[in-house]
Amino acid sequence: MKKLSAFIMVLLVLCGFMFADVTVKNLGDGTAEVTFFYGNPKATEVVVAGSWTDWEKAPHPMTKVEKGWEYKTIVPIADTVLKYKFISDGNWTPDIKAPDTIDDGFGGKNGLVEVAVLAAAEAPAASGAAAAPATGKLKFQTWSMLGFQTKFNIKDGFETESAGINLKSYLKVGGDMLPNMPVYIEVALAEQDGFENLYKKDSLSWGDGFQNLLVDTIFDPIYFYGGQEASKSYLGHLKLGLTTPYVEFATGYKYAKLPAHKNVSWTTLDQDWEAGYNSVGGFSAFTLGQALRQIGDVKINAQILPNRTADRAGSQYGMAAWASAEYAGHYVDLQYNGAYGKTYKTIFDEVMEMDIIAGYSGKFGPIGVKLNALMNKYGDVKNADGTRAGYTPPSSDVGTVYSDADFIDNFAANVQTSYGSDLITATLGYRMRGVQASMMYVEDGKADDHEHIKDQLGDRNSQRVWLNLSSKPMSYLSVGLDTSVDMVLDKNKTIAFADKDNLKLSVKPSAGLKLQELAGIDASVDVYGQMYYNTKDKFADGTADGNQFKLKEIGVKFALGALNDAVKGIDVMYGLDNDNDTALFNTLLAAVKLPMNVTAQAGFGIRTAKGDAANPDTPFGFFLGASTPLKVLQKPVLYAQFLYGMDPYKGFGDGQENFNLDGYTLDSGVGNWQNNAAVRVGMHWDL
């Protein structure tokens with residue numbers, strides 16, 4: 001296996017980039033029209049996601065034009081900076097013809113549009129003079145949050161439980177420090193998020209808290225606001241590089257992210273996989289330069305990624321290498337991963353894991369095909385007496401694995417065929433995963449917003465067949481139906497389901513109605529529901545509900561455009577969340593856009609006990625909130641909130657003025673705040 005790993009390490013890769021462009025037109029009234037163009041007419045759906053759309057939370061659809069896709073927006077010229085990427089048929093796509101770029105913090109690039117700079121260059125370009133080229137200057141970024149919260153206990157007569165001031169601040173500098181020498185530096189200045197440094201019941205008095213606040217704000221502010229631990233301020237991300245026409249080199253250390261990679265339907269190098277979260281570890285990335293990415297009509301790319309982060313902690317040597325090619329609408333991708341020893345002397349003496357991942361996508365008229373396959377090979381850890389102990393892949397859900405498992409145990413696959421027309425889009429797919437199939441550089445769990453092992457491969461020892469249908473029978477009506485059947489792959493193996501013979505059927509109908517054409521109203525309605533049916537009385541995750549049928553979720557959104565100068569728009573969302581063993585949650589949320597860019601939010605939630613569960617202490621919750629961008633202090637977003645018995649907002653550090661939604665239901669339900677109330681005031685900067 002060691003010899004095989006050494007031969008596979010270097011691969012050729014082929015990858016196609018579609019062409020895009022951005023233009024800015026000065027409208028003469030202090031605003032400009034910004035036009036984004038994405039040059040892939042074969043794509044079936046393209047949206048632009050950026051800093052002004054809350055990225056993928058509310059991307060803007062692009063319009064199909066003769067040679068691709070187009071999106072226009074009007075923005076103020078002064079101080080407007082837009083960061084963006086395209087999402088083409090579900091795939092994040094950087095704009096290689098962007099007027100400028102900025103590091104996205106995940107090993108890739110976001111397009112960057114400085115509207116004032118491009119508007120100023122428009123006049124000489126229109127008169128025939130050469131526009132000034134984009135500079136390679138270093139650019140400063142920050143994602144910083146400053147907030148105050150007081151938390152109360154509803155059951156104890158609104159007694160104060162805690163209060164505090166939080167600061168989370170990440171300072172980032174990226175760009176070219178010298179020509180063709182990119183650098184990206186991130187300093188985690190503060191990571192305070194406890195809201196308990198002013199008062200905590202039975203632990204910290206108000207007097208001591210305010211005394212500490214006043215003294216340390218003057219004498220030691222970073223220590224106080226940073227979390228009162230030395231480790232809360234640190235070098236979080238350091239990446240250096242060298243760009244030539246033939247090779248692009250980058251090296252990262254510590255919390256720097258590995259360059260992300262998507263192999264057709266699977267994310268195979270996760271955007272949040274650190275070089276080493278234990279303050280050690282690093283990587284080197286060697287990528288084909290632009291001069292080598294075209295051979296005739298074939299577009300190619302390749303990357304070799306030796307690293308010391310096979311365990312994500314930074315103490316195990318590893319390798320990732322991928323190669324891809326695109327020709328005449330057909331794309332292939334081959335990737336190798338390897339996990340080696342933990343010392344430089346034993347780096348190839350122990351090859352503990354090897355992944356081979358292959359992918360293909362192609363178009364055959366209106367038919368699209370996507371294929372992915374994964375094969376694992378594991379080594380064995382030896383006990384002190386020489387006996388076999390098995391190997392446990394880090395950050396995975398497979399547990400202990402063994403080298404002598406059957407082929408099917410180490411295999412996973414995903415196959416899907418899609419058909420698209422002006423009336424209907426259909427995707428039929430099948431996926432399967434062996435009991436110890438896994439992917440290096442992709443973690444398990446759902447702590448953040450990106451795809452994980454289970455999201456992509458499914459549960460261990462499981463298989464799924466699915467059919468997704470969507471149609472637009474009328475210009476104002478769209479309908480969809482997502483269906484799937486989950487079942488055990490091998491009944492003789494350790495299984496992921498509670499019953500070997502259980503079949504889980506999932507059905508999710510959806511519909512969208514635009515009322516502009518139908519009734520002349522600037523409004524839309526979107527609705528969906530999700531339900532399960534099991535052939536046994538246990539669900540695929542092993543939980544018993546007593547019923548074979550389960551209505552999991554219902555979501556409805558009503559969006560109304562501007563009514564007058566006072567009301568610029570209204571969004572109302574209803575969600576029913578039944579994905580809980582003890583309680584049923586109903587929520588109604590509303591956001592109203594007001595003058596001066598103020599967004600007002602309000603809503604309530606009701607929790608009802610299920611089955612024999614005890615009645616909730618606080619069955620009813622409500623909240624009020626408001627947010628607005630300021631024109632001073634580098635334009636932060638200012639927000640204020642009052643919560644009672646529920647918390648519909650994202651956590652501090654994630655943009656706390658935004659709802660935390662899963663579809664149109666609250667991502668964390670209503671249950672984790674039922675006995676508390678709170679007052680919050682805060683600001684966040686996204687520069």
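Does Lys635 count as buried, partly exposed or exposed, and at what relative accessibility? At 41% relative accessibility, Lys635 counts as partly exposed (buried means under 20% relative accessible area, exposed over 50%, partly exposed in between, with a 1.4 Å probe and protein chains only).

The model is predicted, so that local features need pLDDT of at least 70 and side-chain atom pairs count only at pLDDT 80 or more, while totals for chains, interfaces and linings use all residues. Residues are numbered from 1 along each chain as its sequence is written, and side-chain values use heavy atoms, with hydrogens and water left out.Lys635 lies in the loop between strand E36 (620-629) and strand E37 (637-644) (helices, H or I of at least four residues, and strands, E of at least two, are DSSP runs numbered from the N terminus). Although Lys635 is not a glycine, its phi is positive, at about 55 degrees. Asn461, likewise not a glycine, has a positive phi of about 55 degrees. This residue is placed in the loop between helix H5 (453-457) and E28, and Asn461 counts as buried at 2% relative accessibility.

In helix H3 (residues 206-219), the end C-alpha atoms are 20 Å apart, which agrees with the 20 Å that 14 residues should span at 1.5 Å a residue (the expected span is 1.5 Å times one less than the number of residues). Gly209, Leu213 and Asp216 of H3 are buried. These residues cover an arc of only 95 degrees around the axis, which puts them on the same side of H3 (the arc is that of the directions from the helix axis to the C-beta atoms). The buried residues pack against strand E12 (159-178) and helix H4 (221-225) (contact means heavy atoms within 4.5 Å). Gln211, Leu214, Ile218 and Phe219 are exposed on the other side of H3.
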